[in-house]
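Trainee: I am new to this one. Could you walk me through it with questions and answers?

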Amino acid sequence: MSKKDENENERECKLVFVGESSVGKTSLIIQYIKNIFEGGNILTVGADKFSKELTLEDSTKIDLVIWDTAGQERFRSLNTIFLKGANIVLMVYDITNKQSFEELRNFWYQMVVEKVNGKFILGIAGNKSDLYESSQVTLEEGQNYAKSVNAIFSETTAINLNSIQELINSLVREYNEKILKIQKKKKEEDKSKTLINEKFEKKKKCCNNSNK
Ligand SMILES: Nc1nc2c(ncn2[C@@H]2O[C@H](COP(=O)(O)OP(=O)(O)O)[C@@H](O)[C@H]2O)c(=O)[nH]1
Ligand SMILES: [Mg+2]
């Protein structure tokens, strides 16, 4: 938990996108942040880091920081630095490219688990759902794989905002619930520590009195 997370109504959240090149990671992020789909190969991304502020239903404020592994998928080892300390990882494949789905199982999942090196929320996006006529991965295959790795799953398209916004919202909500549970547990532990201390103090006083 970061310092901000100790403040009950405000937290930082690091979300990292991973997956093979051309599956649509940058397009999804740009759609999510700017609500546009640029299409073709005209995407020019100068920065790897994007931010957005979200307010959840329970009025918790989330400073979401999104990392795009722009153009570095080919040099897989470079991705590792982005993954460290991630709160949420979104693994993306392209439903029209079976290989990109296989690579999640064969490579990305293990890499993510190893490099995040801690607890995190996992999401899987089967992207380019608008191209379903050319699909090589069924919805069921995606769902089954997600279930097997305990991930939140959705098919997405970068053409409009709905699907990626819904998926990110679910992931952030799950993250928030996880933090709330940790905070609750910590409060309960603190409470029982105080009780034990109070009992100890009372006992001490009582023994001191009886010694007189
Ligand atoms: N039809 C369609 N094309 C997409 C979608 N997402 C990305 N693309 C296209 O796929 C190509 C690769 O996208 P890009 O975002 O650069 O993928 P990245 O390498 O994973 O960041 C580009 O030509 C995008 O316009 C989508 O949901 N539907
Ligand atoms: Mg990209």
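Trainee: What distance between its end C-alpha atoms does helix H4 have, and why does that agree with its 19 residues?

Mentor: Helices here are DSSP runs of H or I, at least four residues, and strands are runs of E, at least two, numbered from the N terminus. H4 covers residues 98-116. The expected span is 1.5 Å times one less than the number of residues. So H4 should span 27 Å, which agrees with end C-alpha atoms that are 26 Å apart.

Mentor: A word on the source: this is a predicted model, where local features need pLDDT of at least 70, side-chain atom pairs count only at pLDDT 80 or more, and totals for chains, interfaces and linings use all residues. Residues are numbered from 1 along each chain as its sequence is written, while chains are lettered from A and ligands numbered from 1 in the order in which they are written.

Trainee: At which residue does H4 bend?

Mentor: Take the angle between axes fitted to the seven residues ending at a residue and the seven starting there. For H4 that bend is about 45°, at Leu-104.

Trainee: Which residue just after H4 takes a positive phi?

Mentor: Its phi is about 55°. The residue is Asn-117.

Trainee: How many residues of H2 are buried?

Mentor: Buried means 20 or more other C-beta atoms, placed from the backbone, within 10 Å of the residue's own. Among those in H2 are Lys-25, Thr-26 and Ser-27. H2 is mostly covered; of its ten residues, the buried number eight.

Trainee: Which helix gives the largest share of the shell around ligand 1?

Mentor: The shell takes residues whose C-beta atom, placed from the backbone, lies within 6 Å. Ligand 1 has 18 such residues, with Lys-25, Thr-26 and Ser-27 among the closest. Three residues come from one helix, H2.

Terms used:
A residue is buried if 20 or more other C-beta atoms lie within 10 Å of its own, exposed if 12 or fewer, and partly exposed in between; C-beta atoms are placed from the backbone.
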